[in-house]
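Let us take a friendly walk through a protein model. Have the sequence and the 3D view ready, and turn the view as you read.

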Amino acid sequence: MNHSYKGKILISTPDISGDLFSRSVVLVIEHNESGAFGLILNKKNSQMSTKFNDFFDFKIEVYDGGPVENDKVFFIVKSNTKVTEIYTEITDEYYLTEDIERIISAVLNKELDIQNVKIFSGYSGWSPNQLDTEVQRKMWTVVDVYNLDYTLPNDQTLWKSIMQNLGGEFLLWANSPEDISLN
């Protein structure tokens, strides 16, 4: 492997499968010879959101990070100050952590604004060379990050917006129906 997609965005190519990755926007957190790890930024998980909202007096949205280990919770935090010692730096402004106790404590103690935290259930993972193969098969388009706030509450409009910004043939995909077999 002579390149890495770490820190880049993967945009799924529309397909007829309708699975979790259909119209997904994935932030690649790690990508090396051992494989890849990422989080889907635009797929809300209403079931997990309801579970979280049962415990707090403010609204929380949980996102499907991917199909792997859905019992695990991950947080992307927007802050120059780390509230935990257990984290992976994404950029100078964002980091990833699984430290649920510390994040919840920081939010409740107002050390961290919930608006600067995005919660994920599960993650997207690829074995060695799997992601490279999927990119070569045009299942994903790799995009350099461009002023994207990873903690914003995103939905399918994020996928469409990025596709439109890519222009050219991507405009066709951006305007295609959810079920492309109807096209």
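Predicted model: local features only at pLDDT ≥ 70, side-chain atom pairs only at ≥ 80, totals over all residues.

Residues are numbered from 1 along each chain as its sequence is written, and side-chain values use heavy atoms, with hydrogens and water left out.

**A helix with a buried face**

Start with helix H2, which covers residues 100–108. Helices (H or I, at least four residues) and strands (E, at least two) are DSSP runs, numbered from the N terminus. Ile103, Ala106 and Val107 of H2 are buried, where buried means under 20% relative accessible area, exposed over 50%, and partly exposed in between (1.4 Å probe, protein chains only). Looking down the axis of H2, you find its buried residues within an arc of 100°, so they line one face of the helix; the arc is that of the directions from the helix axis to the C-beta atoms. An α-helix has 3.6 residues a turn, so residues three or four places apart point the same way. The cover over the buried residues of H2 includes strands E5 (68–78), E7 (94–97) and E8 (117–126). Just after H2, lysine 110 has a positive phi of about 60°.

**Rings in pairs**

The whole structure holds nine aromatic pairs. Rings of Phe, Tyr and Trp (its six-membered ring) pair if their centres lie within 6.5 Å; planes under 30 degrees apart count as stacked, over 60 as edge-to-face and the rest as tilted. Two of the pairs are shown here.

| Pair | Centre to centre | Angle between planes | Type |
|---|---|---|---|
| Phenylalanine 21 and tryptophan 140 | 5.5 Å | 80° | edge-to-face |
| Phenylalanine 37 and phenylalanine 74 | 5.6 Å | 65° | edge-to-face |

Phenylalanine 21 lies in the loop between strands E1 (9–12) and E2 (25–32) and tryptophan 140 in strand E9 (residues 140–143), so this pair ties together parts 119 residues apart in sequence. Phenylalanine 21 is partly exposed, at 22% relative accessibility, whereas tryptophan 140 is buried, at 5%. Ring pairs also link Phe21, Trp126 and Trp140 into a cluster.

Phenylalanine 37 is in strand E3 (residues 35–40) and phenylalanine 74 in strand E5, so their pair joins parts 37 residues apart in sequence. Both phenylalanine 37 and phenylalanine 74 are buried.

**A valine inside**

Is valine 62 buried or exposed? With a relative accessible area of 1%, valine 62 is buried. Valine 62 belongs to strand E4 (residues 62–64). Leaving aside neighbours within four places in sequence, its contacts (heavy atoms within 4.5 Å) include Lys44, Met48, Phe52 and Ile119.

On a 1 Å grid over the protein atoms alone, a cavity is a set of points where a 1.4 Å probe fits but cannot get out, and a pocket is an open set with protein on both sides within 12 Å along at least five of seven lines; lining residues have an atom within 4 Å of a point. Grid points are joined across faces, edges and corners, and a volume is the space filled by probe spheres set on the points.

The largest cavity has a volume of about 80 Å³. Which element gives the most to the lining of the largest cavity? H2 does, with four residues. Among the lining residues are Phe52, Ile103, Val107 and Ile119.

The largest pocket has a volume of about 250 Å³. Of the 13 residues that line this pocket, Glu61, Ile114, Gln115, Val117 and Pro153 are the closest to its centre. E8 gives the most to the lining of the largest pocket, with three residues.
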